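Welcome to this guided tour. Open your viewer, keep the selection tool handy, and go stop by stop.

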Amino acid sequence: MSAQLTHPTQDTHTHMSSTWILAIDFGTSNSAAAHSGATSGTIETLSLSHASNLMPSSVYIAAPDRISVGDAARNLAQQNPVGFVASPKRLITGAPTTTVAGYTLPSALPVAAVMSAIISRGKAAHAGQLPTQVVLTHPEAWAPAQIHVLVEAAMRAGIDGSRISTISEPRAAAAHYSRSHSMQPGARIAVFDFGGGTLDVAVLTVTAGNAFQVIAARGDNGLGGKNIDAAIQRWVEQRLSDRDPALVEWLRSAATVDVMQSLQESIRSAKELLSEAPSATITINNTPQGRQTLQITRDEFDELITPAAEQALRLTRATLFDAGITHPEQLTALYLTGGSSRIPLIQQRLAEVGPVATLDDPKTVVAQGALVTAIGDRGADTRERPPAPTAAALMPQGGTEPPRSPQYRPEPSQPTADQRGAAGTVPSRTAGGRRWGRIALIGVAAVAVVGIAIGAVTLSKGGGGGSDDQAATATSSAAAGQTASNGSTIITDEKQLYSTLPASLQNGVENCRKNSFANSGALEMMCSVKSDGSLASLFLAYSDSDKSQGFITFSSDTSAAQSTITDLRKGTYSDGKGTLVENTARDAAAEIDKDLGDGYGIDYANTSTGLKLTVFKVKSLDDGKTFLSRSGLIS
């Protein structure tokens, strides 16, 4: 499909008796749209091809005035890949221009080509009439300059600027949910949007009139379905190398574009099939040895994507922590959108942190929800909506909350789960034998996090200034800890656990919180890295501020620390790709490895103190080593 763009003009259908509204969800890999039906006037997804409600967001730029989109763009790329842009959404940085195939173009031009094609499909369903209103969706974290590019693109596609509105993707998804479920003001839901190229997580609270306010949001522009596709392609190459190493070399260096596109399509189809079937077939056509087929099982697939699932879970838990979510039942629902959210392993892992609920069509709910907000569907519909299901009703049978140690009882000064209210729950990198567990949140004195009240406690700094002081404090703390049912020495008191951190690390973190308990009953905590502290320069910062993205999670459990050190030395957590760092006494070890998204992570354990600690969002490998030394963890 080749899109013909028009100059911004006033469209002439303002006074038509038959009006309609269009919502466009311009995605990284695919785009979707919804419209008010031509005959029913109700919300309907818009067919964007002969067989699908989606169209690839790809563009092919032969010249600034000759831009093809969707499947046509992919077809042209087989003949000459120059000028092909698989994900034009990634070009939207806020800059006024971008360069593709040697042409310097307005940043909105490739986007306008996709929107023009979508608008044309809509006009065909409405007797050639332009929409009277267009709603555009965007990531929650986008800056105004990026949103402006979307608006300019719609104007270039022929829509008057006064008829264009925008809404963030999580708000739109929440609006879709509220269309069929009534929620009380103050209720909170989370939206997990796992698309082809990005992952966005947001927590929203219901305000008056069943509207929504985003209270926490995080995203990872380097994590999406394409990461999963790449993992499967590596598996394909490994399997082929067992048959014929020369064939793998041909695939990597000499295969034509159409062969690679065919393989990638087969991988995507297998990925989607594995959400429902125990196995799937992947086909490689037109190789020198003829047609090749491989069968991949669900178990093999789950093993391949475990790192991506863990990275997604980590981001989700961190976002919940930002919003002060301390228990799954504090969420009305954790809603999944985006095609990659259909994967069973993703849903299973997310069930650890909240009541997972899937929407009817995860690839189009954002577009449908955007339309809900535009046409006032909720206000016009006087039918009684069912109340939102309780978190307990959505949780898997048996729940996901780890049992508390029978020896541990909250002290009178510690709020119970009901008293904590808005406090938050989030994880570390180790659980289920891999990198995830639960972290803790402390709740006594009120502090503000993203505009909501959460619990916190003021912790005194360690008295000493070096690792020797810390080791002595930590050793005495561990000795004073409780004994778990497995014989391990654990700590269940937040101040005692905090004292196990080296003094220099205590000075470099803030907002330390209690969140939950490990299966042994050991308390787990999370702290943020101080943005103005001595450790901040070693961590990534948010692009729109100097605020550090870094945080740590930690607990004290002597048996768990021992098994963790063994796993670190074996390279279990990183599949042997991490860098091991140990102290001279060999009672403390850490492994630094690259995260799937931005930055590096560190897993650390000390058998003398029982301290287990995980570090997130370190800038680089060298910064990770510096952190271990500067914090006093490894000396």
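At what angle do the axes of helix α5 and helix α8 cross, and within what distance do they come? Select residues 225-243 for α5 and 298-323 for α8: their axes cross at roughly 130° and come within 9 Å. Before you go on, please note that this is a predicted model, in which local features need pLDDT of at least 70, side-chain atom pairs count only at pLDDT 80 or more, and totals for chains, interfaces and linings use all residues. Residues are numbered from 1 along each chain as its sequence is written, and side-chain values use heavy atoms, with hydrogens and water left out.

**Stop 1: two crossing helices**

The names come from DSSP runs, numbered from the N terminus: helices are H or I runs of at least four residues, and strands are E runs of at least two. An axis here is a line fitted to C-alpha atoms, for helices over the stretch in contact, and angles run from 0 to 180 degrees between N-to-C directions. Angles under 35 degrees count as roughly parallel, over 145 as roughly antiparallel, 65 to 115 as roughly perpendicular and the rest as oblique. α5 and α8 are therefore oblique to each other. Their crossing is right-handed, a term used if the near helix is turned clockwise from the far one by less than a right angle.

Now show the side chains where the helices meet. On α5, pick Ile228, Ala231, Ile232, Trp235 and Arg239; on α8, pick Glu300, Phe301, Leu304, Ile305 and Ala308. These residues make the contact, meaning heavy atoms within 4.5 Å. Sorted by class, the contact has eight nonpolar, no polar and two charged residues. In this sorting, Ala, Val, Leu, Ile, Met, Phe, Trp, Tyr, Cys and Pro count as nonpolar, Asp, Glu, Lys and Arg as charged, and the others, Gly among them, as polar. As you look along a helix, remember that an α-helix has 3.6 residues a turn, so residues three or four places apart point the same way.

**Stop 2: salt bridges**

A salt bridge is a side-chain nitrogen of Lys or Arg within 4 Å of a carboxyl oxygen of Asp or Glu. By this rule the count comes to 14 salt bridges.

Select Lys271 and Asp229, whose side chains meet in a salt bridge of 2.9 Å, N to O. Lys271 lies in helix α7 (residues 257-273) and Asp229 in helix α5, so the pair ties together parts that are 42 residues apart in sequence. Are these two residues buried or exposed? Lys271 is buried, at 11% relative accessible area, and Asp229 is buried at 13%. Buried means under 20% relative accessible area, exposed over 50%, and partly exposed in between (1.4 Å probe, protein chains only).

Arg252 is exposed at 56% relative accessibility, whereas Glu237 is buried at 13%.

Then find Glu310 and Arg349, where the closest N and O atoms of the salt bridge are 4.0 Å apart. Glu310 sits in helix α8 and Arg349 in helix α9 (residues 344-350), 39 residues apart. Both Glu310 and Arg349 are buried.

**Stop 3: a covered helix**

How many of the 11 residues of helix α10 are buried? Select residues 365-375 and look: nine are buried, and the helix is mostly covered. Among the buried ones are Val365, Gln368, Gly369 and Leu371. After α10 comes Gly376, with a positive phi near 65°.

**Stop 4: positive phi elsewhere**

Most residues other than glycine have a negative phi. Ala101 has a positive value, near 55°. Look for Ala101 in the loop between β9 (97-100) and β10 (103-106), where Ala101 is partly exposed at 36% relative accessible area. Asn286 also has a positive phi, near 60°. Asn286 belongs to strand β16 (residues 279-287) and is exposed at 57%.

**Stop 5: one last residue**

Finish at Ser266 in helix α7, a buried residue at 14% relative accessibility. Not counting residues up to four places away in sequence, Ser266 touches Thr281, Ile282 and Thr283.
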